[in-house]
Amino acid sequence: MSTEIFYAIRQRLGTIGIPILLVSGNIGNVLLMIMFIKSLKRHPNSCSLYLLFASFGNLFVIDTALISTFYGMNNVEPIHLSNAVCKLRWFGGHVLFMLSRCCMVAACIDRWAVCSQSVRIRSLCQMRTASYVTGVIVLLSIILPAPLFLYYDNGTGRCILLPSYTLAYTIFSFLAISVIPLLLLIIFSLLTCHNLHLIHSRVLPTSGTLQSIRIHKRDHDLMKMLAGEVIIYCLTQSTFPVNTMYGYFTSFFTADKSQLRIAVESLISFIIHPILSFTYCCTQFYVCALVSKSFRRDCSQLFRKRPPADRETRHTIRFAENNQTRN
């Protein structure tokens, strides 16, 4: 099979897929930011704050890194013309990606805390705490990718990862970009499901006392939307660490690779990044609209003059610790 076929598929996939991601991602993230800003004005909520900053990171990484990738498909990217642009492109892209990922993890932890049995843990779901955590996330998102200023350079006329830093970047990508966020999202999503299962079981402790947990309807909606976003994240980002490790270990045998194998690997790498990597950034609004009826209703109100009625409801659920006596 000719190698030109795989390069043609890669080119066609980029010229069709990337513009779709750009349009859908910009529209979706702008609408999502408007929705969360309106929600925070009406009912301040810690999870909405985390998701707002995640949408902010997604929007800007789409309009910088993804546009740069699309422009470079048929032109010389500015990163190959300026060393400062080269370093800033990779550093800025990782900062925005990390901001989005960390805010998603914080939102998952927040949803686990809001349905926890412990009063002390539930007290973490406050706007004051969320504002502090968001500030810490922003600082970490800037500090952790700082070594990328050293890792990338275009001294050879192309912006590339310096060979001496290949191992360091592989470890950074494998842990900070892929494995740790994936594990945290999965773990706290499962813990949230466990807490909800305990809540709905309505178990009465032997002491005969009941502890009430009040969960707003908007909190239930945020849980459903966040669960959908976590699923999309796991589906689109789980292949990235595998591809990163494969690229590192096979880099020692590049001279032994055939042209066909190089073409196939180039196509697969292009599908994983940028197509799958940016798919997560571009689909959050549509996932929220798919899983939440109230989100669709509130979104439709953006295009109407009449403000929506406040249908805030509160579910009081009796929670207990002992599984021996049922309420």
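**Notes on the predicted model**

1. Cysteine 86 and cysteine 159 form a disulfide, with 1.9 Å between their sulfur atoms. The coordinates come from a predicted model, and the count of disulfides in it comes to one. The torsion about the S-S bond of cysteine 86 and cysteine 159 is about 70°, so the disulfide is right-handed.

2. Where do the two partners lie? Cysteine 86 belongs to helix α3 (residues 83-114), while cysteine 159 sits in the loop between β1 (152-153) and β2 (160-161). The pair therefore ties together parts that are 73 residues apart in sequence. In general terms, a disulfide is a covalent bond between the sulfur atoms of two cysteines.

3. Both partners fall below the 20% cut-off for burial. Cysteine 86 has a relative accessibility of 0% and so counts as buried. Cysteine 159 has a relative accessible area of 9% and is therefore buried as well.

4. Cysteine 234 has a relative accessibility of 19% and counts as buried, because buried means under 20%.

5. Cysteine 281 is likewise in no disulfide, and the nearest cysteine sulfur, which belongs to cysteine 282, is 6.2 Å away. With 0% relative accessibility, cysteine 281 counts as buried.

6. For the overall composition, the secondary structure of the protein chain comes to twelve helices and six strands. Of the 327 residues in the chain, 46% are buried. Among contacts between residues at least 6 apart in sequence, 83% join residues at least 24 apart.

7. The axes of helix α1 (residues 3-42) and helix α11 (residues 284-291) come within 7 Å and cross at roughly 60°. The two helices, α1 and α11, are therefore oblique to each other. On the side of α1, the contact is made by Ser24, Ile27, Gly28, Leu31 and Leu32, and on the side of α11 by Gln284, Phe285, Tyr286 and Cys288. The residues of this contact of α1 with α11 divide into six nonpolar and three polar, with no charged residue.

8. Which residues does glutamine 284 touch, its neighbours within four places in sequence left aside? They are Leu32, Ser55, Asn58, Met104 and Glu229. Glutamine 284 lies in helix α11, and Leu32 is one of the residues of α1 that make the contact between the two helices. The side chain of glutamine 284 also makes a polar contact of 3.2 Å with the side chain of asparagine 58. At 2% relative accessibility, glutamine 284 counts as buried.

9. Serine 294 is found in helix α12 (residues 293-300). Its side chain is joined to that of serine 292 by a polar contact of 3.2 Å. Is serine 294 buried or exposed? Serine 294 is buried, with a relative accessible area of 8%.

Terms used: Residues are numbered from 1 along each chain as its sequence is written. This is a predicted model: local features need pLDDT of at least 70, side-chain atom pairs count only at pLDDT 80 or more; totals for chains, interfaces and linings use all residues. Side-chain values use heavy atoms; hydrogens and water are left out. Axes are lines fitted to C-alpha atoms, for helices over the stretch in contact, and angles run from 0 to 180 degrees between N-to-C directions. Helices (H or I, at least four residues) and strands (E, at least two) are DSSP runs, numbered from the N terminus. Angles under 35 degrees count as roughly parallel, over 145 as roughly antiparallel, 65 to 115 as roughly perpendicular and the rest as oblique. Contact means heavy atoms within 4.5 Å. Ala, Val, Leu, Ile, Met, Phe, Trp, Tyr, Cys and Pro count as nonpolar, Asp, Glu, Lys and Arg as charged, and the others, Gly among them, as polar. Buried means under 20% relative accessible area, exposed over 50%, partly exposed in between (1.4 Å probe, protein chains only). A polar contact is a pair of N or O atoms within 3.5 Å; within protein, one must be able to donate a hydrogen and the other to accept it, and residues adjacent in sequence count only if both atoms are side-chain atoms. A disulfide is a pair of cysteine sulfur atoms within 2.5 Å.
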